[in-house]
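Visitor: I would like to learn how to read a few local features and some helix packing in a model. Please take them one at a time.

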Amino acid sequence: MAEEGCVIGDVRCNTSACADDVTLNSKKPGETSVLISMAETFASYERYILQPKKTEALKVVTSSRKEIVEEDFEIYGNKITNADICTHLGLKRSHTISSTAEQNVDNNIQKARRTVYSFMSSGFYGAGGLDVPSILHILKMHIIPILLYGLEIILPKKTQIDKLEIFQKRILKQLLVLPSSTPDIAIYSISGLLPVKIQIHKRALIMYNNVCLQSESAVERRIAVRQLTIKSNKSASWFVDIRKLFWLYELGDPEDLLESPTEKEHWKRTVNRTIDNIWLQQTIAESKTMKTLQNLNMNMVKPRKPHPLLQQQAVSTYDANRQLLKLKFMCGKYILQSDRASFSKNKVDDTCRVCYKSPETLQHMVLECSGLSAVRDPIIRDIESEIEKSFPCLWQSYTQDQKVTALIDCTVLYKKHKLSKVECQRLHKIDFQCRRLFFTLHTKRFKIFELSKGAASARPLNTISKSVCSGNSAGNLLITKKPDGCYNSVDPLGSSRL
Ligand SMILES: [Zn+2]
């Protein structure tokens, strides 16, 4: 290795190369020219030519040098272009550390957004497209790796992390057709994704072990030893940040890992297990304070794995839409008349607009509303018989509240954290019927609203309620055909068609 160029302590780190991508680092302009001429000489020995047009010079501002140097450099007699941003191994580098982080975060978000758009043609767009498990799979395999590429090296600050977090949450909510007010822990719990910050921390810790696994003469490992020994906690060194992460997640001291590095897969499991547990405990504690999440079974939440009910492929596009509607109930984001009343500080009447008999609460809509009983009863019987097969006498012992919770998230039927494959299959059968129930109730309710809207302009309200609800005749209502076809595509009898 050349004796010119950058040093960190006594560790010479004047070059970084991977395949055909080479970076030369130097603090002194004279030494930079020497390094360039050495690269030229080596290229001629190996019979290749360095590409002058692709070669760029980046003048970095450091803590010890606040001003950009004036000198220009030459390669093969041609002046090297001075760039504001250079790309090395897909990562951008700018004059300062903060602008480097900003550039990379913005670039990653842009690339991730483009990838999302590129998947649109294959049905990657919520309602009417792919089913939820497929959407989550594509998101995890193709979008998130692009969003987080290389950020474990940069460890962005809070402002940048927030940008990434907002992007991830927005994409997730849009794909799952959930309103933007849905609690973050709800979407993370059901999707199995983790917040951006945690994902970056995990990647950085895993990368640190890779540095520790290198031979003692490797540049990165020597820098790790030097920085961890010398630098105080105020330093901006990457290794100091890693030390803080070790303390944050109670993983011991980074020096211990440096002395006795763990096997790569073993360390990965340790990091995942430790950080997942911390996140899970925080999430469960937070969910207890949220009323909207009372029907989501948090015992079944497993970091990095979708909710058990979202692991089953939808049987049709029609069923995929049912999955999306049911997600609204699971996240407590299906708006009923009682919600409208409470949001408006009781300026809006909370009476059910289907039967006009009592306030429209979740329990009323799902189990009690007489206007919906014609479509509800046959499906409830299907659900009862399905539950009876696996859990004899359990349904009858439930209170109304428990029944609603079980219909929304049927994993509560099992009083344990881990489910076998057979148990999952049983739940999927029950959940299929529950999805039918909610979708049918929703479409029926919607149709009645539309009818009552049309009738309200011609008749007083009390007449409408009488005509709609007489003799539980919701199933006999005349449904007019709408030109937009929005709900006419829905089977009024609670379709079991696939
Ligand atoms: Zn009602």
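Visitor: In which strand is C18 found?

Guide: C18 is found in strand β3, residues 15–18. Helices (H or I, at least four residues) and strands (E, at least two) are DSSP runs, numbered from the N terminus. The model is predicted, so local features need pLDDT of at least 70 and side-chain atom pairs count only at pLDDT 80 or more, while totals for chains, interfaces and linings use all residues. Residues are numbered from 1 along each chain as its sequence is written.

Visitor: Is C18 buried or exposed?

Guide: A residue is buried if 20 or more other C-beta atoms lie within 10 Å of its own, exposed if 12 or fewer, and partly exposed in between, with C-beta atoms placed from the backbone. C18 counts as exposed because it has 9 C-beta neighbours inside 10 Å. From C18 to T411, 393 residues away in sequence, the C-alpha to C-alpha distance is 49 Å.

Visitor: What should I look for in phi angles?

Guide: Most residues other than glycine have a negative phi. Y76 is not a glycine, yet its phi is positive, about 50°. Y76 sits in the loop between β6 (74–75) and β7 (78–79), and counts as exposed because it has 12 C-beta neighbours inside 10 Å.

Visitor: Where is L155, which also has a positive phi?

Guide: L155 is in the loop between α4 (151–154) and α5. Its phi is about 45°, although L155 is not a glycine. With 19 other C-beta atoms within 10 Å, L155 is partly exposed.

Visitor: How is the packing of two helices described?

Guide: Two packed helices are described by the angle between their axes and the distance between the axes. Axes are lines fitted to C-alpha atoms, for helices over the stretch in contact, and angles run from 0 to 180 degrees between N-to-C directions. Angles under 35 degrees count as roughly parallel, over 145 as roughly antiparallel, 65 to 115 as roughly perpendicular and the rest as oblique. Helix α3 (residues 132–147) packs with helix α5 (residues 158–175) at about 160°, and their axes are 12 Å apart. That angle makes α3 roughly antiparallel to α5.

Visitor: Which hand does the crossing of α3 and α5 have, and which residues meet?

Guide: A crossing is left-handed if the near helix is turned anticlockwise from the far one by less than a right angle, and right-handed if clockwise. α3 passes α5 in a right-handed crossing. Two residues are in contact if their C-beta atoms, placed from the backbone, lie within 7 Å. From α3, I135, L139 and L147 meet L164, F167, Q168 and L175 of α5. The residues of this contact comprise 6 nonpolar, 1 polar and no charged. Ala, Val, Leu, Ile, Met, Phe, Trp, Tyr, Cys and Pro count as nonpolar, Asp, Glu, Lys and Arg as charged, and the others, Gly among them, as polar.

Visitor: How do α2 and α5 cross?

Guide: The axes of helix α2 (residues 97–120) and α5 cross at roughly 10° and come within 10 Å. The two helices are therefore roughly parallel to each other. On the α2 side, A101, E102, V105, I109, A112 and V116 meet Q160, K163, L164, F167 and I171 in α5. This contact divides into 8 nonpolar, 1 polar and 2 charged residues.

Visitor: What surrounds V132?

Guide: V132 lies in helix α3 and counts as buried because it has 26 C-beta neighbours inside 10 Å. Leaving aside neighbours within four places in sequence, V132 is in contact with L176, L310, Q323 and L324.

Visitor: How do I check the length of a helix?

Guide: The expected span is 1.5 Å times one less than the number of residues. The 24 residues of helix α11 (residues 264–287) should span 34 Å, and its end C-alpha atoms are 34 Å apart, which agrees. In α11, W267, V271, I275 and T283 are buried. These buried residues pack against α6 (184–191) and α7 (196–212). Helix α12 (residues 317–330) has 14 residues and reaches 20 Å from its first C-alpha to its last, close to the 20 Å expected.
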